[in-house]
Each structure stands twice: as structure tokens, then as C-alpha cells.
Amino acid sequence: MGLLSYLLTLPVAPVRAVTWVAQRVVEQAEEEYYDPAPVWRELADLEQMLLNGEIDQEEFELREDELLDRLAEIAEFRHGTS
């Protein structure tokens, strides 16, 4: 039966391989997109820009809110997948 099953399912093997590769690509993309490290670095850079006078308080708060929202999205994703 093992040989017969193998021969009967052989035509769909390329489809299974493509599906497997696509799943790995999606997993890697999600891992990179939901990595909090770049967001934390950007927050640190943003604070440094404020301290250096490169941006004003209003710009800082606007961008900080965006980054904190992004961190909340990442935390929610990671909480939901674990």
C-alpha cells in the first residue's frame, strides 16, 4: 500500500512542495515584520533626535505614538500566536 499511495499521490507532490515553501516564506516575513527590535531602535533614535534638537516636542510625540502603536500591534500578534 505504501508504494501504491506514493505512486497515486506523486502528481500532487509539486503542489505540496510549493505550498510548503510558501508557508516558510510567510513565516519568515511575519517573523521580520513582527520583530520589536527595530521599533525599539527607532524609538531610541527618535529620543536622541529630540535631545539633539533635530525635531520638536510635537513631532516627537506624534512619531512616538506611531511607534508605540506598532509595539502594541507586535505584542498583540505575539500573544495571539503563542
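In helix 3, the residues V39, L43 and L46 are buried. Buried means under 20% relative accessible area, exposed means over 50%, and partly exposed lies in between (1.4 Å probe, protein chains only). The three cover an arc of only 60° around the axis, which puts them on the same side of helix 3. The arc is taken from the directions that run from the helix axis to the C-beta atoms. The structure is a predicted model, in which local features need pLDDT of at least 70, side-chain atom pairs count only at pLDDT 80 or more, and totals for chains, interfaces and linings use all residues. Residues are numbered from 1 along each chain as its sequence is written, and side-chain values use heavy atoms, with hydrogens and water left out.

The face of helix 3 turned away from the buried side carries exposed residues: W40, R41 and L51. Helices are DSSP runs (H or I, at least four residues), numbered from the N terminus. Helix 3 has 15 residues and should span 21 Å at 1.5 Å a residue; its end C-alpha atoms are 21 Å apart, which agrees. The expected span is 1.5 Å times one less than the number of residues. After helix 3 comes G53, with a positive phi near 80°.

The largest nonpolar core has 9 residues in all: Y34, V39, L43, L46, I55, F60, L67, L71 and I74. Such a core is a set of buried Ala, Val, Leu, Ile, Met, Phe, Trp, Tyr and Cys residues joined through side-chain atoms within 4.5 Å. Helix 3 and helix 4 are the elements that give two or more residues to this core. Helix 4 supplies the largest share, 4 residues. L43 illustrates the packing. Leaving aside neighbours within four places in sequence, L43 is in contact with E64, L67, L68 and L71. Contact means heavy atoms within 4.5 Å. D65 also lies in helix 4. D65 counts as partly exposed, at 45% relative accessibility. The C-alpha atoms of D65 and L43 are 10.0 Å apart in space, while the two residues are 22 apart in sequence.

A search of the whole structure finds 2 aromatic pairs. Rings of Phe, Tyr and Trp (its six-membered ring) pair if their centres lie within 6.5 Å; planes under 30 degrees apart count as stacked, over 60 as edge-to-face and the rest as tilted. Y33 is partly exposed, at 45% relative accessibility. Y34 is buried, with a relative accessible area of 15%. Y34 also pairs with F77, and this pair is stacked, with 3.7 Å centre to centre and 10° between the planes. The Y34 and F77 pair links distant parts of the chain, 43 residues apart. Y34 sits in the loop between helix 2 (13-33) and helix 3 (37-51), whereas F77 belongs to helix 4 (residues 57-81). F77 is partly exposed, with a relative accessible area of 23%. Y33, Y34 and F77 together form one aromatic cluster.

The charged end of R70 sits over the ring of Y33, 3.9 Å from the ring centre. The criterion is NZ of Lys or CZ of Arg within 6 Å of the ring centre and within 35 degrees of the ring normal. R70 lies in helix 4. At 17% relative accessibility, R70 counts as buried. Leaving aside neighbours within four places in sequence, R70 is in contact with Y33, Y34 and V39.

V12 is found in the loop between helix 1 (2-9) and helix 2. V12 is partly exposed, with a relative accessible area of 43%. V12 and E73 are 61 residues apart in sequence, and their C-alpha atoms are 38 Å apart in space. A13 lies in helix 2. A13 counts as partly exposed, at 30% relative accessibility.
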